[in-house]
Amino acid sequence: MEPDLIRVVDAHYTYDADSDRPIPALRGVSLQVRRGERLAIIGRNGSGKSTLAKCLNGLLLPTQGDALVKGMSTRDAEAAQRIRATVGLVLQNPDNQFVATTVEEEAAFGPENLGIPRAELRARVDAALRQTGLWQQRDRNLQHLSAGEKARLAVAGMLAMQPECLVLDESTAMLDPGARRELLDVVRALHAKGLTVVSITHFMAEAAEAERVIALDGGRIALEGTPREVFAQEAVLDRLGLGLPAAAGIARGLRRRGWTGPESILHTDELVLALAPAEARPT
């Protein structure tokens, strides 16, 4: 058994590679996605994040190098269906991947194409809609869904295929704060149950929740480590055009004004605790 669920080996990807103006998007990326982990991939626009996301399940094939899912190369056409059932990709705009009319039909589309028997298909769809909070909406037309409901439906469609990994390509980018929070609650619950999650995001607070963070720059890996390791490198992040999670940014601003709080603050609850009077802190 492969120790890593996904391995990317020296992957390059160039758009319009055969044209007079090729556009390099990935330049020798190598990484592993470990079973059960929550990985965040960050980077400014044009860094290669979305290209990498599409390489993880074979939607794009590296122009050089390889991407392996459970040891299967995404270049192997015979393995394509198994790879895409293993790694579910949710795009930034769910409308780009919807094909059905109602919520229930959309959630059923993927597993139905896999030839799942009717009784199991029914059970999978019901479970996916309940996990994403859409069971009560199952008969609604997709045109009547909010942006947040569409994002959760895109996740439900992937869950009904019972993937081992869920890749979210900027899936929270178009959502208002409430809808973003609802989607992230779903993602947290799925990860807590053992699902591997890869989040491509430009929200640093979202990345701070991951177990590991990779920062891309110009199609290459510029930083990799735990959130505390990555977000401690403020000078490098500034050079990459990346910010800090809100709590870490506030703490940095306070320290510049003479505050002597801890350097390692990353989350809001840590900032609140550090700012609380000594007598109010738990012992």
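**Close-up views of a predicted model**

**View A. The lining of the largest cavity comprises four nonpolar, three polar and two charged residues.** Here Ala, Val, Leu, Ile, Met, Phe, Trp, Tyr, Cys and Pro count as nonpolar, Asp, Glu, Lys and Arg as charged, and the others, including Gly, as polar. The model is predicted: local features require pLDDT of at least 70 and side-chain atom pairs pLDDT 80 or more, while totals for chains, interfaces and linings use all residues. Residues are numbered from 1 along each chain as its sequence is written, and side-chain values use heavy atoms, with hydrogens and water left out. A cavity is a set of points on a 1 Å grid over the protein atoms alone where a 1.4 Å probe fits but cannot get out, and lining residues have an atom within 4 Å of a point. Volumes are the space filled by probe spheres set on the points, which are joined across faces, edges and corners. The structure holds one cavity of 30 Å³ or more, and the largest has a volume of about 40 Å³. Its lining includes Leu168, Glu170, Leu183, Ser199 and Glu206. Helix H6 (177-192) and strand E8 (196-200) each give two or more residues to this lining; helices (H or I, at least four residues) and strands (E, at least two) are DSSP runs numbered from the N terminus.

**View B. The largest pocket holds about 490 Å³ of space.** A pocket is an open set of grid points with protein on both sides within 12 Å along at least five of seven lines. Among its 20 lining residues, Arg84, Leu89, Gln97, Met158 and Met161 are the closest to its centre. The lining has 11 nonpolar, seven polar and two charged residues. Helix H2 (80-86), strand E6 (87-90), helix H3 (103-113) and helix H5 (147-159) supply at least two residues each.

**View C. Helices H4 (residues 118-131) and H5 pack at about 145°, with axes 8 Å apart.** Axes are lines fitted to C-alpha atoms, for helices over the stretch in contact, and angles run from 0 to 180 degrees between N-to-C directions. Ala128, Leu129 and Gln131 of H4 meet Leu153, Ala156 and Leu159 of H5, contact meaning heavy atoms within 4.5 Å.

**View D. Six strands form an open sheet of mixed pairing in the order E6-E7-E8-E3-E9-E10.** Strands pair if DSSP finds at least two bridges between them. E6 and E10 (220-225) are edge strands with a single partner each, so one side of each lacks a neighbour in the sheet. Strand-to-strand twist averages 15°.
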